[in-house]
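Subject: Structure handover

Hello,

Here is the structure for you to look at. Please open it beside this email and follow along.

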Amino acid sequence: MKPTRRSASYQPPIPLAEEEVPPDAPLAARMRPRSLDEVVGQEAAIGPGSAVRRALAAGYLPSLILWGPPGCGKTTIARLLAREVAARFVQVSAVASGVGELRAIIEEARRARSVGVRTVLFIDEIHRFNKAQQDVVLPAVEDGGLVLIGATTENPSFEVVAPLLSRMRVLRLEPLSPEALGALIDRALTDPGRGLGAFGLTLDREARQVLIAGAGGDARVALTALELAAYAARGSGRSGITAEDVKAALLDRRPGYDKAGDAHYDTISAFIKSLRGSDPDAALYWLARMLEAGEDPLFIVRRMVIFAAEDVGLADPQALVIATACQQAVHFVGMPEGFLPLAETALYLALAPKSNSALRSYARAREAARTTAHLPVPLHLRNAVTGLMRAMGYGQGYRYPHDEPGHVAAGERYLPEELGAQRFYEPGTLGREPELGSWRPASSAEGFGEEATP
């Protein structure tokens with residue numbers, strides 16, 4: 001951004017200075033990185049040599065969306081980016097800021113720009129921004145009136161309107177790896193100024209592993225639990241933090257899961273793919289992940305009913321019966337005991353032989369139906385329910401299969417004549433399907449063309 005004019009009466013706001021954190025602030029706040037070089041675990045997004053760091057070296061900061069899980073450093077990174085270009089930093093929450101407040105911020109940013117001061121508007125939880133709020137900030141982002149940085153835990157391609165998203169760069173931030181969490185824990189434990197170094201505490205190997213595993217990639221959780229465990233150890237007169245201290249500090253931390261967000265769709269996808277891959281262990285794991293996070297069990301069983309028809313199909317027709325029975329059982333029993341029929345059905349579906357012939361066969365028939373919808377139903381297949389219909393030839397020549405040998409009208413045509421003897425269904429090779437497929441009369445198997453792909 002370049003200054004356009006100066007006003008003698010206007011005093012520019014002060015750019016973001018290094019934040020003073022009170023000594024009694026939580027450990028996670030005290031240990032917040034003071035420079036981009038102190039940020040760990042996000043090297044791909046903002047590390048040395050990244051596109052953002054190279055742009056910052058040239059004095060340029062683009063509008064960004066920081067997309068990542070809780071505790072990965074989104075707010076801290078936004079503040080540090082603003083500091084790198086000596087910009088003023090304005091933070092708002094998407095759920096608490098109305099259109100009027102945003103317009104005031106944009107006007108203030110334009111006035112600051114006129115005297116050469118840049119503004120970074122940081123919107124926490126930008127996925128909760130409604131369309132009206134996004135439309136307000138769009139012109140300012142487009143003309144460079146301010147730099148917009150949004151933080152979100154949800155996929156921005158679903159939550160941010162296309163015109164705004166096209167003017168921003170999405171930076172994918174990852175959950176902190178065990179190595180990154182370990183580095184943060186060691187830094188906090190030994191730093192005498194901001195951390196716990198003055199206490200002279202030690203963290204044994206088991207306690208460190210429990211803390212890293214329990215944090216689940218969330219730096220805030222790790223440091224908050226470490227602080228509580230440290231004070232618990234001191235209160236007991238001990239100089240070492242034990243695994244029991246850490247477990248008590250972590251308490252019962254349920255996995256982050258939003259039933260309308262990415263975790264919802266990603267986890268059910270992993271579950272279905274595990275069933276399709278015939279992995280009962282993985283299927284149970286993802287099922288437990290969903291149930292422990294509070295997922296609607298009827299949503300899970302609906303997907304299993306679909307799976308039974310789509311992926312097991314005629315290789316084991318009993319799978320659909322079992323999945324449907326599971327739906328009835330879960331609805332009748334409820335939770336928590338509903339996990340039993342869910343687990344049983346998941347195991348059955350994972351272990352069952354697989355066939356997607358119903359999906360593929362219907363796709364071929366659907367394509368033919370779409371391209372030949374103009375073809376009339378053959379007269380002999382039509383019901384003759386009135387005298388006029390009979391006079392017009394409806395039903396004439398129809399052969400009743402139960403009056404024929406083997407209950408099959410050999411050679412009878414049931415497709416429009418223009419389709420010939422085209423075959424849409426090709427039996428699978430697993431489970432019961434070869435046996436079921438063998439029941440088709442040989443005369444109907446002629447003319448099968450190249451397989452279509454759904």
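Is F199 buried, partly exposed or exposed? F199 counts as partly exposed, because its relative accessibility is 25%. Buried would need a value under 20%, and exposed a value over 50%. Keep in mind that this is a predicted model.

**Aromatic rings**

The structure holds 3 aromatic pairs. A pair of aromatic rings is described by the distance of the centres and the angle of the planes.

Start with F199 and Y231. Their ring centres are 5.4 Å apart. Their planes stand at 75°, so this pair is edge-to-face. The angle decides it, because planes over 60 degrees apart count as edge-to-face. Y231 is partly exposed, since its relative accessibility is 45%.

Now go to Y285 and W286. These rings have their centres 4.8 Å apart. Their planes meet at 70°, so this pair is edge-to-face. Y285 has 44% relative accessibility and therefore counts as partly exposed. W286 is partly exposed too, with a relative accessible area of 22%.

**Charges over rings**

What sits over the ring of F199? The charged end of R234 does, 4.0 Å from the ring centre. Another case involves W67. The charged end of R172 sits over the ring of W67, 4.0 Å from its centre.

**The sheet**

Next, find the open sheet of 5 strands. Its order is β2-β3-β4-β1-β5, and the pairing is parallel. Which strands are at the edges? They are β2 (88–93) and β5 (169–172), and each pairs on one side only. On average, neighbouring strands of this sheet are turned by 20° against each other, direction ignored.

Strand β1 (residues 64–67) runs parallel to strand β4 (residues 147–152), and 4 bridges join them. L66 has A151 in β4 as its bridge partner. β2 and β3 also pair in the parallel sense, over 6 bridges. There, R88 has T119 in β3 as its bridge partner.

As you trace a strand, keep one general point in mind. In a regular strand the side chains alternate between the two faces of the sheet.

Of its 6 residues, 5 are buried, so β3 is largely enclosed by the rest of the structure. Helix α4 (residues 74–84) lies across β1, β2, β3 (119–124) and β4. This helix runs at about 155° to β2.

**Cysteines**

How many disulfides does the structure hold? The number is 0. C72 is buried, with a relative accessible area of 3%. C326 counts as buried as well, because its relative accessibility is 2%.

**A contact across the chain**

L314 lies in the loop between α15 (297–312) and α16 (318–333). L314 is partly exposed, with a relative accessible area of 34%. L314 and L436 are 122 residues apart in sequence. In space they are 7.7 Å apart, C-alpha to C-alpha. What does L314 touch, leaving out residues up to four places away in sequence? Its contacts are S357, Y425, R432, E433 and L436.

**Backbone exceptions**

Most residues other than glycine have a negative phi, and most peptide bonds are trans. Here are some places to check against that.

A cis peptide bond joins M335 and P336, with omega at about 15°. P336 is found in the loop between α16 and α17 (339–351).

E125 is not a glycine, yet it has a positive phi of about 55°. E125 lies in the loop between β3 and α6 (131–142). At 27% relative accessibility, E125 is partly exposed.

S278 is not a glycine either, and its phi is positive at about 60°. Look for S278 in the loop between α13 (262–276) and α14 (280–292). S278 counts as partly exposed, because its relative accessibility is 36%.

Best wishes

Note on methods: Residues are numbered from 1 along each chain as its sequence is written. This is a predicted model: local features need pLDDT of at least 70, side-chain atom pairs count only at pLDDT 80 or more; totals for chains, interfaces and linings use all residues. Side-chain values use heavy atoms; hydrogens and water are left out. Rings of Phe, Tyr and Trp (its six-membered ring) pair if their centres lie within 6.5 Å; planes under 30 degrees apart count as stacked, over 60 as edge-to-face and the rest as tilted. Buried means under 20% relative accessible area, exposed over 50%, partly exposed in between (1.4 Å probe, protein chains only). A charge sits over a ring if NZ of Lys or CZ of Arg is within 6 Å of the ring centre and within 35 degrees of the ring normal. Helices (H or I, at least four residues) and strands (E, at least two) are DSSP runs, numbered from the N terminus. Contact means heavy atoms within 4.5 Å. Two strands pair if DSSP finds at least two bridges between them. Axes are lines fitted to C-alpha atoms, for helices over the stretch in contact, and angles run from 0 to 180 degrees between N-to-C directions. A disulfide is a pair of cysteine sulfur atoms within 2.5 Å.
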